[in-house]
Amino acid sequence: MLENNPLSIQIVDKEGHTIGGNPAFINLFGTIPPPEFSIFDDLKNKSTELGNLVSLVKKGEIVHLPDIYFNAHDTVAEAPDIPLWIRALIFPLNDSRGKPERFVFMHENITDSKIAEQELIKAKEHAEESEKKFKEMAELLPQIVFETDTEGKLTYVNKYAYKMTGYSEQDSIIGIS
């Protein structure tokens, strides 16, 4: 089950040192971390929030990490220089007394969706800027300029439209078909 799982799986000891990883883990990160590397220490050094989540998992809780930007090369020089966005789940493997003895990290590569999300944000910002410029220019024109939604309702009219139709801006003709 471990070897054929498409999700990256990493098993670490109590200190966060890697005991093993499945082929998907090696494929995702390019290497097994060196023995001295602790994923727990690395997460604690990234932020207080991540450090708090490490503390929770060490107490036996299942933890979903927030999306993390990660490049294995930044911490392990021999690793490939491949920046990734990772979503991870950590859960304890308990000993016979029910105490956390080892921990399992399951990683999902979400790089493509993060890139798409960032592109959508940029596109929205660009659209908002274009809309602002359109309205600024429309207010300067000595002609009626209006905009409608797909149902034909007015969503924008310039000041000249109010002047020519006799409506005041307080009458608000926005929303009229």
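Colleague: In what order do the elements of the chain run from the N terminus on?

Modeller: This is a predicted model, and its chain holds six helices and eight strands. Read from the N terminus on, these elements run β-β-α-α-α-β-β-α-β-β-α-β-β-α.

Colleague: Is T111 buried or exposed?

Modeller: T111 lies in helix 5, which covers residues 111-140. The cut-off for a buried residue is a relative accessible area under 20%, and because T111 has a relative accessibility of 13%, T111 counts as buried.

Colleague: With which side chain does the side chain of T111 make a polar contact?

Modeller: Leaving aside residues up to four places away in sequence, T111 touches P83, L84 and W85. The polar contact of the T111 side chain, at 2.6 Å, is with the side chain of N109.

Colleague: How far apart do the centres of the positive and negative side chains of the chain lie?

Modeller: The accessible surface of the chain comes to about 11400 Å², with 54% of that area belonging to carbon and sulfur atoms. As for charge, the chain has 18 positive and 29 negative side chains, and the distance between the centres of these two sets is 5 Å.

Terms used: Residues are numbered from 1 along each chain as its sequence is written. This is a predicted model: local features need pLDDT of at least 70, side-chain atom pairs count only at pLDDT 80 or more; totals for chains, interfaces and linings use all residues. Side-chain values use heavy atoms; hydrogens and water are left out. Helices (H or I, at least four residues) and strands (E, at least two) are DSSP runs, numbered from the N terminus. Buried means under 20% relative accessible area, exposed over 50%, partly exposed in between (1.4 Å probe, protein chains only). A polar contact is a pair of N or O atoms within 3.5 Å; within protein, one must be able to donate a hydrogen and the other to accept it, and residues adjacent in sequence count only if both atoms are side-chain atoms. Contact means heavy atoms within 4.5 Å. Accessible areas come from the Shrake-Rupley method with a 1.4 Å probe; for residues, only the protein chains shown count as cover. Lys and Arg count as positive and Asp and Glu as negative; His and the chain ends are not counted. The place of a charge is taken as NZ of Lys, CZ of Arg, CG of Asp or CD of Glu.
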